[in-house]
Amino acid sequence: MNALIVYAHPEPASFNGALKDAAVAAIVAAGHQVEVSDLHGEQFNPVAGRHDFATVADPARFHYQAEQMLAAQQDGFSDEIKREHARVNRADVIILQFPLWWGAPPAILKGWFERVLAYGFAYADGRRFDKGLFRGRGGLMCVTTGGTPARFSSQGEYGEIERVLWPVRRLTLEYLGLDVGEPFICYGTPRVDDVTRAGYLRQWQARVTEMMSRDYTRAAPEEIAAQVAGNATGWASRA
């Protein structure tokens, strides 16, 4: 099996970095293959624009979805996006590793969603959720927080962690058709002691190993392209 870890933290020596390394070690030890998209380390550009494309659908008005669909049809994405698409295409399991900043993933990861999970590549009309193009693959989040479990509870100031992460889980991972596991949360990482951190690392490795042991039946990129072509409607919003 093949895993892709999308890692969004600027500091290699951070606990997020340790969690990423622990996941890599567990995946390799279980006999699988793993790639890492180190968004900061590779200086991934999170800002969408015409630089995403070698093709042009409309030179007079920039409509992002229309440009993405044309690029998907004519192999017109930028080299940076093509690199990420190749990684996604090889992955049976996609793992997101990130800290919770201002109640959401860091902006660089949000930019990865917008630029890489493109219309015509990762979703299309009629190809979402249970009919999503990424059915037959797994998805998982590992998230660090500054807040304690009490603060991320139904009675806490921040609300339940499931509600905080719902947009990423439901409107990103499940939207694509992924079979999404329960998020692994490392609460209060700046405040806990080394014993607690070591426990988080062991538990995370066990979680990743279990996720990689499941049977996945992802479609080949050619099959996905055929599904997109069969559902293309030419719709473009004015949003």
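Guide: Ala30 counts as partly exposed, because its relative accessibility is 37% (buried is under 20% relative accessible area, exposed over 50%, partly exposed in between; 1.4 Å probe, protein chains only). This is a predicted model: local features need pLDDT of at least 70, side-chain atom pairs count only at pLDDT 80 or more, and totals for chains, interfaces and linings use all residues. Numbering starts from 1 along each chain as its sequence is written, and side-chain values use heavy atoms, with hydrogens and water left out.

Visitor: Where is Ala30 found?

Guide: In the loop between H1 and strand E2 (33–38). Helices (H or I, at least four residues) and strands (E, at least two) are DSSP runs, numbered from the N terminus. The C-alpha atoms of Ala30 and Met1 are separated by 9.7 Å, at 29 residues apart along the chain.

Visitor: Switching to helices. At what angle do H1 and H7 cross?

Guide: Roughly 40 degrees, and the axes of H1 (residues 15–29) and H7 (residues 194–212) come within 9 Å. Axes are lines fitted to C-alpha atoms, for helices over the stretch in contact, and angles run from 0 to 180 degrees between N-to-C directions.

Visitor: And which residues in H1 meet H7?

Guide: Among them are Phe15, Leu19 and Ile27. On the H7 side, the residues include Tyr200, Trp204 and Met212. Contact means heavy atoms within 4.5 Å.

Visitor: What does Phe134 touch?

Guide: Val88, Leu117, Phe121, Ala122, Leu176, Gly177, Leu178 and Ile224, not counting residues up to four places away in sequence.
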